[in-house]
Amino acid sequence: MKAALYEGKKQIRIVDIPKPAPQKGEVLVKVKYAGICGSDLEFYKTGLWPAPCVLGHEITGTIAEIGSEVKRWKIGDRVTIFPGLPCGKCFYCQRGNTNLCDGSFEGIGIGRNGGFEEFLVVPVQCLISLPDVIPFKHGTVFDQIGTGLCALREVNFVAGNSAVVFGLGTIGQFMLQCLKIAGASSIVVVDKNPYRLEIAKKFDPDYALKKLFLTKIKRANKRGASGADFVFECSGAPVLVNAALDVVCKGGTIVQIGLWDKPVEINLLKYVINQNRIQGIISCIRQDYEFAIDLVARKLIDPDPIVTKIIPLDDIVEEGFECGIDPEIKDIKILVEP
Ligand SMILES: [Zn+2]
Ligand SMILES: [Zn+2]
């Protein structure tokens with residue numbers, strides 16, 4: 001079968017490898033689509049992740065073979081894959097924070113082979129049924145929606161709070177949609193990429209800005225020039241981290257979802273004087289993922305404008321990864337169809 005093998009910095013090659021066989025408690029999934037994530041792009045750009053392996057942790061497909069002792073599932077079932085493999089035993093898992101698990105550093109497409117190949121073996125604990133009302137091309141986005149839901153939950157966002165979103169990649173776009181259904185009183189989104197701004201406008205933010213118009217952003221909530229209750233920083237651009245400090249209200253919270261590849265200088269004195277909080281968010285737990293499926297099934301969240309391109313596995317380097325790391329990119333979520 002065909003697989004896209006990641007072999008280090010800027011090295012991904014289409015290879016022919018044997019089709020794996022599911023063992024006890026595992027199934028073989030025929031991949032329909034696998035989304036290219038920002039972290040996959042980061043691994044490609046930097047070579048940060050140990051090679052060789054097959055990347056891709058945003059996966060949907062059908063069950064093709066069943067291993068021994070697998071009960072609930074049958075061949076042909078439509079599934080989406082929760083990529084995390086929390087140990088279930090450590091302090092954090094016991095507390096329900098499985099995204100902070102201390103015992104397992106692996107997941108599907110993160111350590112174990114992922115979705116940029118025709119078939120992959122998955123333990124049954126990662127399988128979640130994909131409802132018939134959700135087309136396959138919307139079957140890979142639930143961890144990105146789930147991250148937005150996890151953020152809202154962790155910071156106790158309530159209806160009537162005001163929000164700013166920096167960065168309109170997949171996470172930022174879904175953050176906007178999550179804030180809409182959570183009852184945000186005002187939402188400002190900022191991104192310098194005009195294509196991404198146009199897509200965000202479909203979801204009716206109060207302002208979609210290509211530049212940091214600080215006064216406009218601070219006044220968007222119409223409560224005086226006090227700033228927003230929450231700033232969701234989804235870009236990872238160092239300049240926006242400090243801009244977040246400028247537009248959050250006193251006592252407000254900055255939610256850091258974007259990742260940095262090096263340490264960033266932050267004006268901590270401002271935090272102290274303004275009594276701000278900063279909350280990091282990493283991925284989501286299975287309940288967030290399942291809630292995301294439910295929201296898409298009920299058409300309360302629409303992934304359609306976010307999934308902008310589907311490419312064959314053979315084109316994964318040029319049309320997928322090279323395209324994905326281009327700052328002028330016109331796409332948001334690129335799916336690979338092996
Ligand atoms: Zn991801
Ligand atoms: Zn654990």
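These are my notebook entries on one predicted model.

**Entry 1: domains**

I began with how the chain is divided. I found domain 1 (2-141 + 306-337) and domain 2 (147-280). Their centres, taken over C-alpha atoms, are 29 Å apart. For the contact between them, I noted 6 residues from domain 1 and 8 residues from domain 2. On the domain 1 side I sorted the touching residues by class and got 2 nonpolar, 2 polar and 2 charged.

**Entry 2: the sheet**

Next I looked up an open sheet of 6 strands, and I wrote down its order as β12-β11-β10-β13-β14-β15, with parallel pairing. Which strands stand at the edges? They are β12 (207-209) and β15 (277-280); each has a single partner strand, so one side of each has no neighbour in the sheet. A reminder to myself: strands of a sheet pair through backbone hydrogen bonds, either parallel or antiparallel.

β14 and β15 run parallel and are joined by 4 bridges. One pairing I could name is T253 with its bridge partner R277 in β15.

**Entry 3: helices on the sheet**

I followed helix α4 (residues 170-181) and saw that α4 lies across β10, β11 (186-190) and β13. Against β10, α4 runs at about 170°.

Helix α7 (residues 238-247) came next, and I listed its buried residues: L240, V241, A243, A244, L245 and V247. What do they pack against? I found β10 (162-166), α6 (214-219), β13 (228-233), β14 (248-256) and α8 (268-274).

**Entry 4: the core**

I looked up the largest nonpolar core and counted 91 residues in it. V165, V231, F232 and A244 have the most contacts inside this core. The core draws at least three residues from each of domain 1 and domain 2. A244 had already turned up on my list of buried residues in α7.

Leaving out neighbours within four places in sequence, F232 is in contact with A151, A163, V165, M175, V255 and I257.

**Entry 5: a loop residue**

Last, I went to E106, in the loop between α2 (91-94) and β6 (107-108). Is E106 buried or exposed? I counted 11 other C-beta atoms within 10 Å of E106, and exposed means 12 or fewer, so E106 is exposed. Not counting residues up to four places away in sequence, E106 touches L85, G111 and R112. I also compared E106 with I254: they are 148 residues apart in sequence, and their C-alpha atoms are 29 Å apart in space.

How values were computed:
Residues numbered from 1 in each chain as written. Chains lettered and ligands numbered in written order. Predicted model: local features only at pLDDT ≥ 70, side-chain atom pairs only at ≥ 80, totals over all residues. Buried ≥ 20, exposed ≤ 12 C-beta atoms within 10 Å, placed from the backbone. Helix = DSSP H or I, 4+ residues; strand = E, 2+ residues; numbered from the N terminus. Contact = placed C-beta atoms within 7 Å. Core = buried A, V, L, I, M, F, W, Y, C linked by C-beta atoms within 7 Å. Domains from an automatic or database assignment. Nonpolar A, V, L, I, M, F, W, Y, C, P; charged D, E, K, R; others polar. Pairing = 2+ DSSP bridges. Axes fitted to C-alpha atoms, helices over the stretch in contact; angles between N-to-C directions.
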